[in-house]
Amino acid sequence: MKSPAALRSPAGDGVPRGGDLSRAALTAFAPVAWGTTYIVTTELLPPGHPLFAGLLRALPAGLIALALTRTLPRGAWWGRAAVLGVLNIGLLFPLLFIAAERLPGGVAATLAAAQPLVVAVLAVAVLHESPSGWRMAWGGIGLAGVALVVLGPAAAFDPVGVAAGLGGAASMALGLTLTKRWGRPAGVGPTAFAGWQLTAGGLFLAPLAVLVEGPPPPIGLSAALGYLWLGLFGGLIAYVLWFRGVTTLPVNSVAILTLLSPLVAAVLGAVLLGQTLGPIQLMGFGLSLAAIVAGQLPAPARRRSAPVILATKEISR
């Protein structure tokens, strides 16, 4: 099996090619599934219990993954799995909840879409990759596209909400970067790896849900279907594919896939709730999709200077 470094392009730009593009398409299922969270929460679940929803999305899925794989962390991976589970799941959900409570949905989604830019910076600081203007530029274009899609005239910027939104983006970005740095232990598959983090994130959320929201709400048929969707598709399947992609694909190409979440949420709002998408929103869609595609392609090769080419020719003689 090839290492993540061997999967990079010959230019060393860390962008997937060939078979990696199909892996990127599978990884994209995760942010697409997460994009359904808003409409499932608002239309099917009891109001006022987002942390309980996050708990049911994480903990049962994690326990199922552990039961299927019967694989527990060893040594240093107990601590690493706990850190990654908190960053990628446990801490992320409360921060998103605070942002959603204190900000209009469009502002919260735009702040979350800053994650690819944060990852581009962390890739330099944590993974010691070379700075890439290509990644930063397309990350900025994708952020602008999401802003055009979801921001409205009623946008407001509550300081606490903004801090929570940026904190959520930073938490997931750091979790994504550390997941890439630490990789996956030898002999551990993506299902077990996802199970560790989902369980850790769920255990972190359990006391928060009780302290903040109190007893669980009554669960009817529609709520049960909603929780089942979030737990199975938005939890177990999504995170298995997500962590599989994170450990086998370049970190920046994975990060920019998260732009799909607000785009899917906007499409579902238009199709199912009758929300309008005008020319500006459609232009934003185009920019965001262009950024997502560009994030999976190699950066333009730098042209070598004439002296370097001449020196190469002299050496080959």
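**Entry 1: the whole protein.** I am working from a predicted model. I looked up the secondary structure and found 16 helices and 0 strands. The protein has 317 residues, and buried ones make up 48% of them. I then checked the surface. The protein exposes about 15,100 Å², with carbon and sulfur atoms supplying 71% of that area. Next came the contacts between residues with a separation of 6 or more. Of these, 89% join residues 24 or more positions apart.

**Entry 2: Ser261.** I found Ser261 in helix H14, which covers residues 260-273. Is Ser261 buried or exposed? Its relative accessibility is 15%, so Ser261 counts as buried, the cut-off being under 20%. I looked for its neighbours, leaving out residues up to four places away in sequence. Ser261 touches Pro31, Trp34 and Gly35. With Pro31 I also noted a polar pair. A polar atom of the Ser261 side chain lies 2.7 Å from the backbone oxygen of Pro31. Ala30 and Ser261 are 231 residues apart in sequence, yet their C-alpha atoms are 8.6 Å apart in space.

**Entry 3: Thr36.** I moved on to Thr36. Where is Thr36 found? Thr36 sits in the loop between helix H2 (29-34) and helix H3 (37-44). I read its relative accessibility as 12%, so Thr36 also counts as buried. Which residues does Thr36 touch, not counting those up to four places away in sequence? I listed Trp229, Val264 and Leu268.

Note on methods:
Residues are numbered from 1 along each chain as its sequence is written. This is a predicted model: local features need pLDDT of at least 70, side-chain atom pairs count only at pLDDT 80 or more; totals for chains, interfaces and linings use all residues. Side-chain values use heavy atoms; hydrogens and water are left out. Helices (H or I, at least four residues) and strands (E, at least two) are DSSP runs, numbered from the N terminus. Buried means under 20% relative accessible area, exposed over 50%, partly exposed in between (1.4 Å probe, protein chains only). Contact means heavy atoms within 4.5 Å. A polar contact is a pair of N or O atoms within 3.5 Å; within protein, one must be able to donate a hydrogen and the other to accept it, and residues adjacent in sequence count only if both atoms are side-chain atoms. Accessible areas come from the Shrake-Rupley method with a 1.4 Å probe; for residues, only the protein chains shown count as cover.
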